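Let's take a walk through this structure together. Have the sequence and the 3D view ready, and we'll stop at a few residues along the way.

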Amino acid sequence: GLIYSGGMTNTVGGIDHCTATLGDDGIRVMILVTDGKPTRPRGDPKEDALVAANDAKAAGIIIIPVLVGTVSADEDYMRSLASSSTEVVMVENFSQLPIAVDAIVDVVECI
């Protein structure tokens, strides 16, 4: 499973990579698993990630953040990255990701 190593979260890098990987066809859903606090790259990582998320959404990609609860989590910020503020899934730790997967499948099946 996933292990949280703490710190150095490159949210913009993840969003950009997924956007490029998902291509242009069909329904495209990005599941953004994060601790909720972008810290990379240098400069303004929160703003950079928000711009990347807005670009992805404008291209028709649905973004569903999975916020893994940490002391650094910024729930409101995660809602700004999501395609819909109601499409943010929250779990307390990585061992609860199966719960998140079930919730995401329910959301995606309705699209």
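Start with R28, which is buried (under 20% relative accessible area, with over 50% being exposed and anything in between partly exposed, using a 1.4 Å probe and protein chains only) yet has no salt bridge. The nearest side chain of opposite charge, D24, is 4.2 Å away, and a salt bridge needs a side-chain nitrogen of Lys or Arg within 4 Å of a carboxyl oxygen of Asp or Glu. Here Lys and Arg count as positive and Asp and Glu as negative, while His and the chain ends are not counted. What does the side chain of R28 reach? That would be the backbone oxygen of A59, at 2.3 Å. R28 itself lies in strand 1, residues 28-34.

A quick word on what you're looking at: this is a predicted model, where local features need pLDDT of at least 70, side-chain atom pairs count only at pLDDT 80 or more, and totals for chains, interfaces and linings use all residues. Residues are numbered from 1 along each chain as its sequence is written, and side-chain values use heavy atoms, leaving out hydrogens and water.

The chain averages a pLDDT (the predictor's confidence in each residue, from 0 to 100) of 85, and 88% of the residues score at least 70.

Now hop over to helix 2, where E47 is found. E47 counts as partly exposed because its relative accessibility is 40%. E47 and V12 are 35 residues apart in sequence, and their C-alpha atoms are 9.0 Å apart in space.

Key
Helix = DSSP H or I, 4+ residues; strand = E, 2+ residues; numbered from the N terminus. Polar contact = N/O pair within 3.5 Å; in protein donor to acceptor, adjacent residues only side chain to side chain.
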